[in-house]
Amino acid sequence: MEGANDAPPAAAQADDAKKKPAASSVWTDDEFEAYLRGELITHPLASQYPDLFSTAPSLIRKWRERYHGNPALWKRLFAKDRVLKEFVEAAPFVDAIQRLVRIARGGEVHHVDLACGRGYLSMLLSELLPPAKVERLVLVDKGWAMHNLQPTSDHISSSHIYGSYYETWPIRLNTSKVNLKKGKEIKNMEKRLFNDKGPVILVAVHLCGTLSLRAVDLFNRNPEVRFFCLKPCCLPGMVHAKRDEVFYLGNHSFDSKLVCMSGRWVKNVWKGPPRTTTKAYFERWADNLFLGVDDGGAAKIKKTILVQNDGGYQNEFLFAERLPETAAVWEVLRRDGRSTKGVEAD
């Protein structure tokens with residue numbers, strides 16, 4: 001994490017998860033699905049996305065069925081708190097993408113999942129979206145191994161994607177190793193994944209610090225990206241403020257001092273400014289990212305969706321679509337939220 005964050009490090013979260021009862025490996029698949037359904041139905045967001053929250057347990061059940069013969073892999077992949085948290089925080093994007101793809105022409109859509117981690121979002125979309133309408137799902141993260149190299153313990157394991165499982169995904173999942181902090185790697189990614197492709201759906205969930213700037217830049221300068229989803233994560237680190245940096249996004253610019261913050265988690269305890277301070281900085285960060293999304297020939301909206309409760313504040317979601325906009329998507333998004341509609345390009 002580059003700067004102030006609203007959640008403990010992954011290792012600390014994993015330690016907490018060990019203290020909580022896990023989904024039993026001796027359950028039948030029906031019992032496992034019922035357990036997930038009981039967990040999700042109580043979430044406040046379930047009433048906002050009832051169809052999706054009702055469908056998700058059966059989708060995650062398919063993962064369990066897929067790995068029945070490999071309990072070690074399933075144990076590594078599935079931790080209830082982590083998987084359900086990933087689903088809840090991606091639910092607004094999954095709902096919008098499903099509405100968008102539903103009316104897309106067959107076999108056209110390319111989906112790119114930035115800083116994807118193990119790829120839970122794309123795994124859900126593979127089970128959920130109509131395969132005839134999606135060309136591919138690409139999972140981008142610096143943690144993957146290069147395709148021509150043997151993965152090591154330093155890499156994110158892709159064993160749940162490739163090998164005998166590759167053909168079992170309704171929409172094929174493909175990994176792509178890209179460090180979003182390196183300009184050369186970003187340019188190579190654009191050539192491979194964006195140029196002469198389209199329409200592209202670009203999704204960025206939990207992007208740390210200045211990686212959110214890179215995601216907005218990718219939308220702004222790649223007309224093939226039809227639909228863009230961004231959920232910022234932690235704030236940029238103080239190094240940028242100390243350098244007196246100004247952040248530039250399209251025609252918008254802002255002083256890094258407005259959004260940079262120090263702080264970190266130490267043994268599951270936050271060491272840094274009080275939450276009221278970091279919350280204000282985070283909201284200012286999301287506002288400036290929104291202003292930086294180029295809305296010439298595009299519609300955009302920023303929504304506060306309460307995916308984090310119990311004091312969490314990283315609840316800002318940014319959506320943008322190049323015109324003409326998809327009515328089925330924007331009728332839902334505009335129920336509330338800060339929205340601008342661009343002028344259609346000639």
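Which helix holds both Lys279 and Glu283, and how many residues apart are they? They lie in helix H10, residues 275-292, and they are 4 residues apart, about one turn of the helix. Helices here are DSSP runs of H or I with at least four residues, numbered from the N terminus.

A word on the model. It is predicted, so local features need pLDDT of at least 70, side-chain atom pairs count only at pLDDT 80 or more, and totals for chains, interfaces and linings use all residues. Residues are numbered from 1 along each chain as its sequence is written, and side-chain values use heavy atoms, with hydrogens and water left out.

Back to our pair. Lys279 and Glu283 form a salt bridge, with the closest N and O atoms 2.6 Å apart. A salt bridge means a side-chain nitrogen of Lys or Arg within 4 Å of a carboxyl oxygen of Asp or Glu. The structure holds 21 of these salt bridges.

Now exposure. Buried means under 20% relative accessible area, exposed means over 50%, and partly exposed lies in between (1.4 Å probe, protein chains only). Lys279 is partly exposed at 37%. Glu283 is partly exposed too, at 30%.

Next, a network. Asp30, Glu33, Arg37, Arg61 and Glu65 are joined by salt bridges that share partners. Take Arg37 and Glu33: their side chains meet at 2.7 Å, N to O. They sit 4 residues apart in helix H2, residues 29-41. Arg37 is partly exposed at 29%, whereas Glu33 is buried at 14%.

Last pair. Asp217 and Arg214 meet in a salt bridge at 3.6 Å, N to O. They are 3 residues apart in helix H8, residues 211-221. Asp217 is buried at 18%; Arg214 is partly exposed at 27%.

Key. Helices (H or I, at least four residues) and strands (E, at least two) are DSSP runs, numbered from the N terminus.
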